[in-house]
Amino acid sequence: MVLIKSYLVSVQASHNPIINQALNEILLTEEDVEGLQLSINRSDRFDTDALAKRLAAHTLPQFRRLAAHIYKQARRWEDAITILKNDSLYSEAVTLAAESKSRTCAESLLRYFGELGNETMFAACLVNAYG
């Protein structure tokens with residue numbers, strides 16, 4: 001397996017979707033979060049939606065955060081923010097809502113914080129999204 005992984009890493013620059021998916025599968029199986037992050041950043045030529053869905057359902061929060069990163073790259077703001085909210089990564093969700101420049105995302109997040117009664121994050125969202 002080590003030789004296969006080394007080979008896939010060495011040829012990843014070719015941006016071949018099959019190579020990328022094989023490498024990402026190995027990294028996911030090994031639960032190598034850092035390696036998977038590097039792989040995703042090196043090349044986006046793979047089935048991003050399928051990988052993001054698998055990562056979003058993963059038991060380790062680091063992989064769910066990586067799913068949010070993939071959704072962010074794909075400009076799927078609501079999907080990314082949902083993952084961050086579910087993992088109580090509120091500051092990251094606020095930052096992402098502001099980065100999206102989407103009124104819908106900001107308002108949805110404001111409603112969420114209002115329902116939680118989280119005044120601090122509600123105010124942070126207001127300042128970041130509308131300030």
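**Close-ups of a predicted all-helix chain**

View 1. The model is a predicted one, in which local features need pLDDT of at least 70 and side-chain atom pairs count only at pLDDT 80 or more, whereas totals for chains, interfaces and linings use all residues. Residues are numbered from 1 along each chain as its sequence is written, and side-chain values use heavy atoms, with hydrogens and water left out. Lys101 sits in the loop between H7 and helix H8 (103-116) (helices are DSSP runs of H or I with at least four residues, strands are E runs of at least two, and both are numbered from the N terminus). Its phi is positive, at about 55°, although Lys101 is not a glycine. Most residues other than glycine have a negative phi.

**View 2. The whole chain, for orientation.** Nine helices and zero strands make up the secondary structure, giving the pattern α-α-α-α-α-α-α-α-α when read along the sequence. Taken along the principal axes, the C-alpha atoms fill a box of roughly 50 × 25 × 20 Å. Of the 131 residues in the chain, 35% are buried. For a sense of distance, pick out Ala22 in helix H2 and Glu107 in helix H8: their C-alpha atoms are 39 Å apart in space, and 85 residues separate them in sequence. Ala22 is partly exposed, at 31% relative accessible area.

View 3. Ser14 counts as partly exposed at 48% relative accessibility, and His15 counts as partly exposed at 33%. His15, a residue other than glycine, has a positive phi near 55°. Look across from Ser14 to Arg45: these two are 31 residues apart along the chain, and 9.7 Å separates their C-alpha atoms.

**View 4. Arg76 and Asp49 in a salt bridge.** The closest N and O atoms of this pair are 2.5 Å apart (a salt bridge is a side-chain nitrogen of Lys or Arg within 4 Å of a carboxyl oxygen of Asp or Glu). Arg76 comes from the loop between H5 and helix H6 (77-86), while Asp49 comes from helix H4 (residues 48-56), so the pair ties together parts that are 27 residues apart in sequence. Both partners are partly exposed: Arg76 has a relative accessible area of 31%, and Asp49 has 26%. The whole structure holds 10 salt bridges.

View 5. Glu107 and Arg103 both belong to helix H8, four residues apart, or about one turn of the helix. Their side chains meet in a salt bridge with an N to O distance of 2.6 Å. Glu107 counts as partly exposed at 28% relative accessibility, whereas Arg103 counts as exposed at 60%.

View 6. The volume of the largest pocket is about 160 Å³ (the space filled by probe spheres set on grid points that are joined across faces, edges and corners). A pocket is an open set of points on a 1 Å grid over the protein atoms alone, where a 1.4 Å probe fits and protein lies on both sides within 12 Å along at least five of seven lines; lining residues have an atom within 4 Å of a point. Its lining consists of Arg65, Ala68, His69, Lys72, Leu84, Glu92, Thr95, Leu96 and Glu99. Helix H5 (61-73) and helix H7 (90-100) are the elements that give two or more residues to this lining. Among the lining residues are Glu99 and Lys72, whose side chains meet in a salt bridge (3.5 Å, N to O). With Glu99 in helix H7 and Lys72 in helix H5, the pair ties together parts that are 27 residues apart in sequence. Glu99 counts as partly exposed at 37% relative accessibility, and Lys72 counts as partly exposed at 32%.

Methods: Buried < 20%, exposed > 50% of the residue type's maximum accessible area, 1.4 Å probe, protein only.
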